[in-house]
Amino acid sequence: MVAIQTSCGWMNVISKHIIRKMNKTRQWAMLVIAIVAMTMTVSIQAQKIEVVDADGNGIPLVSVTTEDGVYIGKTDLNGVLADVKGATRVAVSHVAYKPQLVTIASLAKGRVTMEDADFGLAEIVVRPKPYILVEYYYRGFRYIGDSLRAYGAGIIPVAYDINKKYKPKTRYMTSCGTFANKAVMWHSAEIELKIKEIAKRNNGPMTEKWMMRDTVQKVYGLSVTKDGNNRWRIDNPKGKVGQVVHDGNRTYTTLDGARMQRYQDENQGNKSLMKKRQEKDYAYEYADIYSLPGKDESEIPDLARLEMAMHHWELNSDKGRQRDIYYVYVITHSYTDEAGFKARSKELNKGHASNMTLEELQAYERQYNIPALDDTQLKAIRALKKQF
């Protein structure tokens with residue numbers, strides 16, 4: 001009986017010792033878990049970047065991808081992207097600036113400064129004829145979710161009929177195919193539809209002038225206020241919807257088209273459109289870059305002043321979140337007639353048919369001083385080609 005009590009006493013002592021050890025182990029485990037949780041919290045904190053020009057002004061609509069070409073997002077109207085989603089290096093691109101690949105950790109306060117792309121046009125020769133010929137070179141990117149699913153590029157010559165209020169006549173030299181050895185992989189009709197929209201938008205005055213019209217301001221509820229030196233802020237009752245910047249001999253206008261359209265729908269009672277856009281979570285923003293007229297250039301129409309444009313469309317599709325991004329460069333402006341337009345279209349079609357390779361497209365881009373695709377974009381496009 002005594003032996004049993006002694007054994008029980010030892011068992012109590014051992015049990016207490018084990019319990020103390022377990023408590024200490026539990027405390028250490030809880031401490032480790034807390035440290036890991038804190039580390040994870042820090043690692044998943046949103047990393048904001050701000051993309052600016054040489055003067056420190058924010059650049060809207062800058063596309064941001066990983067170095068492997070995975071889509072992250074785009075900067076807002078103030079040039080800010082709230083979160084790079086844990087990426088350590090990102091590629092930034094915009095139609096009017098040189099693309100860059102930057103390391104997040106090296107950025108001072110998350111700020112990226114972009115350089116002008118040095119793309120420009122020769123002055124239009126004023127020799128009035130029935131048409132103004134505008135040649136567009138475009139690039140189109142389609143993302144589903146964050147993956148590049150299609151890329152297209154091509155040349156669109158458009159003759160604007162002066163006598164019919166600049167009604168466009170178009171020919172399409174689209175470098176669009178469906179084969180692995182070709183430069184692009186999505187159906188040309190879809191690209192052409194978007195380019196037609198862009199060409200149609202360019203029938204009238206430049207965006208900055210169009211936006212100042214009383215009728216336009218009434219429809220979209222726009223107000224324009226000075227926002228610094230050579231800068232103007234555009235608002236409607238939904239908040240900031242755009243900005244205008246004069247930089248040297250250019251004017252840059254960026255607008256949130258979807259926010260403007262939502263105000264128009266509500267104001268005019270377009271319930272079906274409102275519902276459709278809400279269901280698809282529709283977003284549309286665009287930027288136009290025009291040359292500013294000189295003192296002796298009043299006779300040159302605004303449609304012959306567009307230099308570059310960029311359009312971002314987003315919506316929910318049956319395949320996921322669809323993002324279409326278009327860069328448009330105006331190669332040349334000139335006056336022409338019907339015969340001249342047909343001849344130029346034939347010449348372009350002969351040299352730039354739908355079987356252009358990526359390398360041939362790059363040679364054309366170099367010929368016209370079009371800013372080159374960055375290595376990240378080329379890598380993503382080549383990876384896309386391999387899938388086909």
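Modeller: Two strands pair if DSSP finds at least two bridges between them. This model is predicted. Let us start with β12 and β13.

Biologist: How do you know that β12 and β13 pair?

Modeller: Strand β12 (residues 223-226) and strand β13 (residues 231-236) are joined by four bridges. Pairing needs at least two, so β12 and β13 count as a pair. The sense is antiparallel. Within the pair, Thr225 stands opposite Arg233 in β13.

Biologist: What makes β13 and β14 a pair?

Modeller: Six bridges join them, and the strands run antiparallel. The cut-off is at least two, so this is a pair. Asp235 stands opposite Lys240 in β14. β13 and β14 also form a hairpin, here with two residues between them.

Biologist: How many bridges join β5 to β6?

Modeller: Five, and the two strands run antiparallel. At least two bridges are needed, so β5 and β6 pair. Arg89 stands opposite Thr103 in β6.

Biologist: What lies nearest the centre of the largest cavity?

Modeller: Pro60, Tyr97, Gln243, Val245 and Tyr252 do, out of 17 lining residues. The space is about 150 Å³. β14 (239-247), β15 (250-256) and β16 each supply at least two of the lining residues. By class, seven are nonpolar, six polar and four charged.

Biologist: How do you know that Ala91 belongs to the lining of the second largest cavity?

Modeller: A lining residue has an atom within 4 Å of a cavity point, and Ala91 is listed in the lining, so Ala91 meets that cut-off. Val92 and Ser93 are among the others. β5 gives the most to this lining, with three residues. The space is about 90 Å³. Six of its lining residues are nonpolar, four polar and one charged.

Biologist: Which residues lie nearest the centre of the largest pocket?

Modeller: Arg201, Trp210, Tyr220, Tyr284 and Tyr286, from a lining of 25 residues. The pocket holds about 500 Å³ of space. Helices and strands both contribute: α2, α3, α5, β16 and β17 each supply at least two residues. The lining has 13 nonpolar, seven polar and five charged residues.

Biologist: What makes Gln261, Asp265 and Glu266 in α5 contact residues?

Modeller: Contact means heavy atoms within 4.5 Å, and these three meet Leu273, Met274 and Arg277 in α6, so they count. This contact divides into two nonpolar, one polar and three charged residues.

Biologist: At what angle do α5 and helix α6 pack?

Modeller: About 145°, with their axes 8 Å apart. α5 passes α6 in a left-handed crossing.

How values were computed
Residues are numbered from 1 along each chain as its sequence is written. This is a predicted model: local features need pLDDT of at least 70, side-chain atom pairs count only at pLDDT 80 or more; totals for chains, interfaces and linings use all residues. Side-chain values use heavy atoms; hydrogens and water are left out. On a 1 Å grid over the protein atoms alone, a cavity is a set of points where a 1.4 Å probe fits but cannot get out, and a pocket is an open set with protein on both sides within 12 Å along at least five of seven lines; lining residues have an atom within 4 Å of a point. Grid points are joined across faces, edges and corners, and a volume is the space filled by probe spheres set on the points. Ala, Val, Leu, Ile, Met, Phe, Trp, Tyr, Cys and Pro count as nonpolar, Asp, Glu, Lys and Arg as charged, and the others, Gly among them, as polar. Axes are lines fitted to C-alpha atoms, for helices over the stretch in contact, and angles run from 0 to 180 degrees between N-to-C directions. A crossing is left-handed if the near helix is turned anticlockwise from the far one by less than a right angle, and right-handed if clockwise.
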